[in-house]
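Welcome, and please take a moment to look over the sequence and the model. The report below walks through some of the contacts, cores, pockets and charged pairs.

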Amino acid sequence: MKWSNNIRKWSRLIHRDLSFFFSGMVLIYAISGIVMNHRNTINPHFSITRKEYKIAEKLPDEADMNKEKILPLLEPLGESGNYTKHYFPKTDVMKVFLKGGSNLLVNVKTGEAVYESVTRRPLIGAMSRLHYNPGQWWTYFADIFAIALMIITLSGIIMLKGNKGIIGRGGIELIAGILIPILFLFFF
């Protein structure tokens, strides 16, 4: 067996095994990368919904407002058990803070209310947290993953021969794949 055939054989084995082992990491980084690319429109960690409505009953002013008078306002929102505190940033505007980051803003004079519900995105949030690197041990694993990506790439480049390999279609695709990020660096 020629040495080049032997290298191709080992490249296929290494490429296959590393690809299987790190496929979960590739998907995590790819999905969280897409979300982070669009972070101006998608919050990767939290889902925030906003509801505007009007409270019909007359509300007390700042001096007479207390927790017992706020809890009934939270019941229709399903948040009565999540009260943490409240304050008045303006004379007639009360802000109520709720567990988990949600809040209620009420104009006690007009009854206009804005409820912001904040819920954690469990799967995308966890993927994004891993993408941001949550700790030292993850740094080691992510470094190993980065090295494995280089090995997967190099083994993929050399494992095929002929028209589909580096001297044929594969070489054209390789050059195109290198030129695209270089063009972005110079022109955008």
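## Val108 and its surroundings

Val108 is in contact with Leu59, Pro60, Asp61, Met65, Phe88, Asp92 and Met94, leaving aside its neighbours within four places in sequence. Contact here means heavy atoms within 4.5 Å. This is a predicted model, in which local features need pLDDT of at least 70 and side-chain atom pairs count only at pLDDT 80 or more, while totals for chains, interfaces and linings use all residues. Residues are numbered from 1 along each chain as its sequence is written, and side-chain values use heavy atoms, with hydrogens and water left out.

## The nonpolar cores

Val108 also belongs to the largest nonpolar core, which has 17 residues. Along with Ile70, Leu74, Met94, Val96, Leu104 and Val106, Val108 is among those that touch the most other members. Two or more residues of this core come from each of α2 (67-74), β2 (83-90), β3 (93-98), β4 (103-107) and β5 (112-120). Another core lies apart from it and has nine residues, including Ile28, Tyr29, Trp138 and Ala142.

A nonpolar core is a set of buried Ala, Val, Leu, Ile, Met, Phe, Trp, Tyr and Cys residues joined through side-chain atoms within 4.5 Å. Buried means under 20% relative accessible area, exposed over 50%, and partly exposed in between, using a 1.4 Å probe and protein chains only. Helices (H or I, at least four residues) and strands (E, at least two) are DSSP runs, numbered from the N terminus.

## The largest pocket

How much space lies in the largest pocket? The answer is about 200 Å³. Its lining is made up of Gly156, Ile157, Met159, Leu160, Lys164, Gly165, Ile166, Arg169, Gly170, Gly171, Glu173 and Leu174. The elements giving two or more residues to this lining are α4 (136-158) and α5 (169-187), and α5 supplies the largest share, five residues. Sorted by class, the lining has five nonpolar, four polar and three charged residues.

Pockets are found on a 1 Å grid over the protein atoms alone: a pocket is an open set of points with protein on both sides within 12 Å along at least five of seven lines, and lining residues have an atom within 4 Å of a point. Grid points are joined across faces, edges and corners, and the volume is the space filled by probe spheres set on the points. For the classes, Ala, Val, Leu, Ile, Met, Phe, Trp, Tyr, Cys and Pro count as nonpolar, Asp, Glu, Lys and Arg as charged, and the others, Gly among them, as polar.

One of the lining residues is Gly170, which sits in helix α5. Is Gly170 buried or exposed? Gly170 counts as buried because its relative accessibility is 18%. Not counting residues up to four places away in sequence, Gly170 touches Asn163, Lys164 and Gly165. Gly170 and Pro89 are 81 residues apart in sequence, and their C-alpha atoms are 63 Å apart in space.

## Salt bridges

The structure holds four salt bridges, each a side-chain nitrogen of Lys or Arg within 4 Å of a carboxyl oxygen of Asp or Glu. Arg16 pairs with Asp17, with the closest N and O atoms 3.0 Å apart. Arg16 has a relative accessible area of 41%, so Arg16 is partly exposed, and Asp17 is partly exposed at 43%.

Glu173 forms a salt bridge with Arg169, the closest N and O atoms being 3.5 Å apart. Both residues lie in helix α5, four residues apart, about one turn of the helix. Glu52 bridges to Arg50 at 3.6 Å between the closest N and O atoms, and both Glu52 and Arg50 are exposed. A network of salt bridges links Arg50, Glu52 and Glu116.

Ser117 is found in strand β5 and counts as buried, at 15% relative accessibility. Beyond its neighbours within four places in sequence, Ser117 is in contact with Ser47, Ile48, Thr49 and Ser102. Lys67, in helix α2, is partly exposed, with a relative accessible area of 38%. Leaving aside neighbours within four places in sequence, Lys67 is in contact with Tyr83 and His86.

Asn133 lies in the loop between α3 (122-132) and α4. Most residues other than glycine have a negative phi. Asn133 has a positive phi of about 75° although it is not a glycine.

Key:
On a 1 Å grid over the protein atoms alone, a cavity is a set of points where a 1.4 Å probe fits but cannot get out, and a pocket is an open set with protein on both sides within 12 Å along at least five of seven lines; lining residues have an atom within 4 Å of a point.
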